[in-house]
Amino acid sequence: MTPRFRFRLQPVLDHRTRREELMQQELARSLRALGAQQERAVAAERAVDLELAALRGLMTGPIELHTLRQKHADLALARARAAHERAAADRLEAVAAE
């Protein structure tokens, strides 16, 4: 009976294979998170466009000062939200690139 061949570094190979699989899974999770965040960023940018259009629509005629201030505040909030969402997408993109 011939002795069965045993690759001495098989545990190392198995470890590398498991590590590579885990890294691929982590990359897939990162890319999914990035895609979802980019969708939120695009939606926030669309909200800015809608707020700006609403403000422009109000300026076609007479408008009360408190209404104008409220629309400006809404636009500022939408812009801040869009900037936050875009920054979060940029951070996730950097993580996925690593």
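The chain holds two helices and zero strands, where helices (H or I, at least four residues) and strands (E, at least two) are DSSP runs numbered from the N terminus. With a radius of gyration of 26 Å, well over the 13 Å that the globule rule gives for 98 residues, the chain is more spread out than a compact globule; the radius is taken over C-alpha atoms, and the rule is 2.2 Å times the number of residues to the power 0.38.

The model is predicted, so local features need pLDDT of at least 70 and side-chain atom pairs count only at pLDDT 80 or more, whereas totals for chains, interfaces and linings use all residues. Residues are numbered from 1 along each chain as its sequence is written, and side-chain values use heavy atoms, with hydrogens and water left out.

| Property of the chain | Value |
|---|---|
| Box of the C-alpha atoms along the principal axes | roughly 100 × 15 × 15 Å |
| Buried share of the 98 residues | 16% |

Buried means under 20% relative accessible area, with exposed over 50% and partly exposed in between (1.4 Å probe, protein chains only). Leaving aside residues up to four places away in sequence, Ala82 touches Ala44, Glu45 and Val48, a contact being heavy atoms within 4.5 Å.
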